[in-house]
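Subject: Structure handover

Hello,

Please find the structure below, followed by some notes on what was found in it.

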Amino acid sequence: MSSVGTSKAMLEIAKFGLYVSVPIFLMYTFANNTKNIQKIMGNHSYVVYPPEGPRPQSPEELREMARKLAQKKNMN
């Protein structure tokens with residue numbers, strides 16, 4: 001019965017070691033060589049802006065259109 005308990009404990013220790021060592025290894029790898037960071041960051045575009053659409057009409061143009069519509073409405 002005690003051998004099952006120790007195997008679970010060893011598994012938990014191994015998992016913890018893996019969880020701690022992977023981020024440390026990655027940070028060591030990329031922090032010491034900035035070319036790695038530039039290579040990875042250069043392959044991904046993080047901000048992609050959509051193409052510029054048509055501009056909305058100016059307030060003066062909207063007022064003129066409203067006047068024309070009001071004149072048409074008054075004529076009918």
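How many salt bridges does a search of the whole structure find? The search finds 3, where a salt bridge is a side-chain nitrogen of Lys or Arg within 4 Å of a carboxyl oxygen of Asp or Glu.

Before the details, a word on the source. This is a predicted model, in which local features need pLDDT of at least 70 and side-chain atom pairs count only at pLDDT 80 or more, while totals for chains, interfaces and linings use all residues. Residues are numbered from 1 along each chain as its sequence is written, and side-chain values use heavy atoms, with hydrogens and water left out.

Overall form

The protein chain has 3 helices and 0 strands; helices (H or I, at least four residues) and strands (E, at least two) are DSSP runs, numbered from the N terminus. In sequence order the pattern is α-α-α. The radius of gyration of the protein chain is 33 Å, well over the 11 Å that the globule rule gives for 76 residues, so the chain is more spread out than a compact globule. That radius is taken over C-alpha atoms, and the globule rule is 2.2 Å times the number of residues to the power 0.38. Along the principal axes, the C-alpha atoms of the protein chain fill a box of roughly 100 × 40 × 15 Å.

Surface and charge

Of the 76 residues, 1% count as buried. Buried means under 20% relative accessible area, exposed means over 50%, and partly exposed lies in between (1.4 Å probe, protein chains only). The protein chain exposes about 7,700 Å², and carbon and sulfur atoms supply 65% of that area. Accessible areas come from the Shrake-Rupley method with a 1.4 Å probe; for residues, only the protein chains shown count as cover.

There are 10 positive and 5 negative side chains, and the centres of the two sets lie 7 Å apart. Lys and Arg count as positive and Asp and Glu as negative, with His and the chain ends not counted. The place of a charge is NZ of Lys, CZ of Arg, CG of Asp or CD of Glu.

The salt bridges

- Lys15 and Glu12 meet through their side chains at 3.3 Å, N to O. They are 3 residues apart in helix H1, which puts about one helical turn between them. Lys15 is partly exposed at 32% relative accessibility, and Glu12 is partly exposed at 46%.
- Glu52 and Arg55 form a salt bridge at 2.9 Å, N to O. Both Glu52 and Arg55 are exposed.
- Arg67 and Glu64 have their closest N and O atoms 3.4 Å apart. Both lie in helix H3 (residues 59-75), 3 residues apart, about one turn of the helix. Arg67 is partly exposed at 46% relative accessibility, and Glu64 is partly exposed at 37%.

Which residues make the nonpolar surface patch of about 830 Å²? They are Phe16, Leu18, Tyr19, Val20, Val22, Ile24, Phe25 and Leu26. Patches are made of residues with over 30% relative accessible area and no salt bridge; like charges are joined within 9 Å, and nonpolar side chains (Val, Leu, Ile, Met, Phe, Trp, Tyr) within 5 Å. Val22 sits in helix H1 (residues 2-32) and is partly exposed, at 39% relative accessibility.

Met10 is found in helix H1 too, and its relative accessible area of 55% makes it exposed. Met10 and Val20 are 10 residues apart along the chain, and their C-alpha atoms are separated by 15 Å.

Regards
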